[in-house]
Amino acid sequence: MTLEGERAAPAAEPAAGTAAPSDDEPAAEPAAQPATAPGRPPPTARTSTPATRATPLEVALVAVVCLVTTTVSNIPQVTGATTTVPGDLGDPLYFAWQLAWVGHQLPAHAGDLWTTNAYLGMPDSLAFTDAVLGYAPLSWLGEWLVGGQGGALFALNAAALLATALALFGGYALARALGAGLPGALIAGAGFGLAPWRLAQATHVNILSTGGMALALACLALGRGWSLRAGWRPERMRAGWVVAGWAVACWQLTLGFAVGIPFGYVVLGLSASAGLAWLLRGRRRAPARARRVVVVDAVGGAAFCVIAVLLSRPYERVAETQPGAQRSAAMADLLSPTWHGLLTAPETSRFWGSRQVGWRQAMIWPPEMTISPGVVLVVLGVLGLAVSVWPWRRRLAVAAGTAVVTLLALGSHAPGPVWQLYLGLYDHLPGWNALRTPGRLIIWVTLALALLAAGCVDRLGQVIAGVFATRVRAPSGTRSPWRGPRGLVLAVVAAIPLGLIGYEGQGQVPHWQLAPPPVDVRVLDAPVLFLPSDMIGDYTTMLWSTQGWPVIANGSSGFDPPAQIALRTAVRGFPDEASVAALRARGVHTVVVVRSRAVGTPWAGAADRPVAGLPLRRADAGDAVVYDLR
């Protein structure tokens with residue numbers, strides 16, 4: 001993989017009374033400079049270091065660094081990959097079960113993918129919440145290495161680690177593709193992949209999976225020959241990069257609609273803009289082969305739309321049959337973060353956790369309202385408005401878009417017109433009403449700030465290296481800006497903000513140890529109901545069902561279907577005649593009551609209640625009591 005940066009140095013500032021070149025046009029050839037002594041900079045108004053092309057070696061080394069950084073930052077998750085879940089014992093258990101189910105079904109039973117073993121085989125139950133399909137290879141690996149519950153936990157933890165590493169690499173790749181030098185690209189990668197808000201989303205692997213978005217945009221920018229630094233260069237258009245970009249974009253869409261819906265509008269909007277620019281201005285300037293790129297781009301966008309439509313069908317069916325699945329504007333209002341949330345890190349932040357307790361206590365639901373992209377990144381991004389390698393028009397365009405998305409991320413706490421705009425999107429933009437938390441738009445704010453920060457760091461590096469070059473003679477024959485004393489200066493310039501961003505992004509996310517199922521689930525006669533049953537506890541029993549995949553009556557997701565509520569109500573007195581009759585009517589063959597989990601629930605003591613006269617058989621298995629209703 002080779003990311004093309006800009007080889008030419010930025011043109012000098014135009015003299016007074018002359019017209020500045022357009023940001024969208026190639027700069028004119030610079031005037032010849034007076035001869036200078038070897039090793040000394042030319043006598044220009046300012047000396048700058050051009051962004052060199054990223055070599056395959058650089059890309060490979062950065063990829064390794066991203067993997068190592070992710071591993072070192074998440075040692076408990078690595079060592080407990082088959083026995084623990086991050087954050088809490090709620091959503092992570094669901095996603096572990098879901099990933100395992102996808103891996104279990106896709107090879108041989110893809111047609112039945114959306115109807116899972118939970119909820120007594122209720123149709124389309126996989127679409128009751130965001131479905132993550134794209135990590136299926138990790139599920140296969142987990143099943144091959146461990147199997148059952150351990151394999152499901154491996155898939156979850158491996159997916160979360162991969163998501164972080166890919167976010168780091170994706171941020172780097174996008175900044176590099178848009179013309180940033182290596183220092184700025186590293187800052188962009190760290191800012192995007194280590195943003196403090198990600199600590200609050202440790203329980204949602206679908207929300208952590210943002211790296212594919214940045215990587216897809218990077219590939220598409222390279223394929224279209226466009227960069228923030230030089231605008232459109234039609235001679236650099238490459239169909240291969242466009243194909244790669246749309247392939248990554250389609251894969252990203254399979255990681256869930258929670259981040260996929262805004263991404264879809266961004267990537268399709270950029271594609272439409274590129275196509276319109278081609279029609280209005282580009283056909284005369286572009287070489288003949290560029291037309292092939294435009295065609296490939298259109299085909300890729302069409303394929304992306306087809307995949308989006310196919311993936312949305314199960315959700316549409318669920319919306320029609322399950323009223324509880326409908327999101328409401330009231331929920332978006334309730335979960336809208338205040339402006340404090342833009343600077344508030346989660347309680348698991350190593351640096352900010354104990355310093356922002358008061359701000360978090362004022363929040364209704366901190367996990368969705370602590371959306372800080374990082375104070376260091378914000379400072380660098382704001383500074384990048386004034387000091388940057390990006391042309392001023394483009395950086396202002398990025399800043400304007402960032403401001404708009406930031407206000408939209410505040411939801412109902414944004415100024416009135418902005419909230420009305422959000423509600424308009426909610427009511428009229430397809431898919432937008434499936435987004436329950438406006439604050440998740442912080443993903444795009446973080447990415448934009450990362451690009452502004454990259455431009456800032458690159459420019460600061462140029463200035464400092466230029467000053468240094470006037471005092472220290474460069475080694476003879478030195479071409480790379482990273483060689484010699486100047487390279488040391490550039491490394492220091494990059495290392496300081498890189499270290500600050502990395503430190504601010506470190507967290508102390510708890511990892512919960514999970515015990516194996518209390519019985520051998522594989523030998524139970526299905527369908528099976530585990531008691532107690534409730535919205536949170538059923539995540540655990542769903543995970544247990546990965547051992548053999550029996551059909552179970554338990555089930556939980558983003559909402560409770562009426563049938564599930566009715567079932568739990570009907571069995572509150574189990575074991576008794578009414579509950580046994582209700583279970584038999586639903587076709588349930590086996591009930592498992594877990595004593596340790598029943599404490600404090602309606603089923604406390606149920607395992608020891610008399611069953612004489614009831615049409616069932618009881619077998620005590622220690623912490624679990626198994627009832628055969630056949």
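Predicted model: local features only at pLDDT ≥ 70, side-chain atom pairs only at ≥ 80, totals over all residues.
The residues concerned are Glu58, Val59, Val62, Cys66 and Thr70. Around the axis they cover an arc of only 105 degrees, and therefore lie on the same side of helix 1. The face turned away from this buried side carries Leu57, Leu61 and Val72, which are exposed; exposed here stands for a relative accessible area over 50%, and buried for one under 20%.

The length of helix 1 was also compared with expectation. The helix comprises 18 residues (residues 56–73) and, at 1.5 Å a residue, should span 26 Å.

Four strands form an open sheet in the order 5-6-8-7, and their pairing is mixed. Strand 5 (528–531) and strand 7 (617–621) are the edge strands, each of which pairs on one side only. From one strand to the next, the twist averages 20 degrees.

At one edge of this sheet, strand 7 is joined to strand 8 (residues 624–628) by five bridges. Strand 7 and strand 8 run antiparallel. Within this pair, aspartate 620 stands opposite valine 625, a residue in strand 8.

Notes: Residues numbered from 1 in each chain as written. Heavy atoms only, no water. Pairing = 2+ DSSP bridges. Helix = DSSP H or I, 4+ residues; strand = E, 2+ residues; numbered from the N terminus. Axes fitted to C-alpha atoms, helices over the stretch in contact; angles between N-to-C directions. Expected span 1.5 Å × (residues − 1). Buried < 20%, exposed > 50% of the residue type's maximum accessible area, 1.4 Å probe, protein only. Arc of directions from axis to C-beta.
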